[in-house]
Amino acid sequence: MKLKGKVAVVTGGARDLGRAISVKLAQEGAKVVVNYFDNPEDAQETLRLIREAGSDGIIVQGDMTKAADVKRLFDGAVEAFGERIDTLVNVVGGIVGRKLVTEQDEVWYDFLMDVNMRSVFLCTREAVPYMGEGSAIVNFSSQAARDGGGPGASMYATAKGAVMTYTRSMAKELGPKGIRINSLAPGTIATSFHDRFNTPENRERMKGTYALRREGEAREVADLVAYLASDESSYVTGTNIDINGGSLFS
C-alpha cells in the first residue's frame with residue numbers, strides 16, 4: 001500500500017494502459033480520478049475494478065486537449081477528495097493514423113500535437129497548484145520518440161519527443177517544490193493500440209527482434225508507473241524510461 005491515502009488523477013484512464021494503471025494505483029491505496037473521453041461503459045468498469053481493489057474513485061468525462069474540460073476534471077477531483085493531488089498520470093495520446101509527409105496538412109499537425117503534447121501541458125498546468133512535496137507526475141512518451149517511429153508516424157513521434165523534452169524542463173521547474181516528473185517510452189505493449197495500428201504478422205516478426213522475444217503487458221507498465229508515483233523513486237526525476245523488452249537500447 002505504498003500510495004495509501006494519496007489522490008491520483010489518470011487521464012485516459014478508462015481502458016487498456018489507463019485502466020491497468022488506475023487499478024494498480026488503487027491496489028496501492030490511492031483514490032483514483034479516472035478521465036475518459038467517449039466510452040462511459042469502459043469508465044464504469046474501471047471504477048468497479050478500483051472499488052473491487054478496496055479503494056475509491058470517480059470518473060470524469062472530458063477532452064484533455066480543451067482547457068475547460070481539463071479544469072472540470074481537476075475541479076471534480078478537488079470536490080471529491082479535497083484540495084490535494086499527489087499523482088498525475090498523463091496517459092492521453094495516440095498515433096491516430098499513419099500519413100506520409102505529403103499527405104499531412106495543418107489540421108493533421110495540430111491534432112497530433114494537441115492530443116499528445118497539448119494535453120500534457122494543460123493537465124500539468126492545472127495539477128501543479130494542488131501538488132506539494134512528494135507529489136509525482138508521470139507522462140507517456142513512446143519508443144517512437146527515440147527512433148522516429150514507423151512509416152507515416154512522423155507527427156506522432158515528433159509530439160512524443162516534445163513530451164520527453166517537456167518532462168526534462170518541468171523537472172527543473174518543479175523540483176524545488178518537491179514535485180518529481182518522469183516519462184515512460186513504451187515499446188510494443190499488447191493493447192488495442194497495436195491491434196488497431198499494427199498487423200499480427202508484423203507483430204510476430206517484431207517479437208523475434210526483441211531481447212525478451214515477447215510484447216509487454218499493461219500490468220508491467222502499471223507497475224512502473226506505481227513505482228514512479230511512490231516514495232520508492234524519491235530521487236528520480238527528469239528521466240525518460242524505456243520499457244520495451246529490449247527492442248531498443250537508449
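Let's start with R84 and D86, which form a salt bridge whose closest N and O atoms are 2.9 Å apart. A salt bridge here means a side-chain nitrogen of Lys or Arg within 4 Å of a carboxyl oxygen of Asp or Glu. Keep in mind that this is a predicted model, where local features need pLDDT of at least 70 and side-chain atom pairs count only at pLDDT 80 or more, while totals for chains, interfaces and linings use all residues. Residues are numbered from 1 along each chain as its sequence is written, and side-chain values use heavy atoms, with hydrogens and water left out.

How do the two partners sit? R84 is partly exposed, with a relative accessible area of 40%, whereas D86 is buried at 8%. Buried means under 20% relative accessible area, exposed means over 50%, and partly exposed is in between (1.4 Å probe, protein chains only).

Now look at R203, which pairs with E215 in a salt bridge, with 2.7 Å between the closest N and O atoms. R203 lies in helix 8 (residues 200–207) and E215 in the loop between helix 8 and helix 9 (218–229), so this pair ties together parts 12 residues apart in sequence. Helices are DSSP runs (H or I, at least four residues), numbered from the N terminus. Both R203 and E215 are buried.

Next come R214 and E220, whose side chains meet in a salt bridge at 2.7 Å, N to O. R214 is partly exposed, with a relative accessible area of 35%. Elsewhere, salt bridges with shared partners join K24, E28 and D223 into one network. Count every salt bridge by this rule and you get 16.

Note on methods
Helix = DSSP H or I, 4+ residues; strand = E, 2+ residues; numbered from the N terminus.
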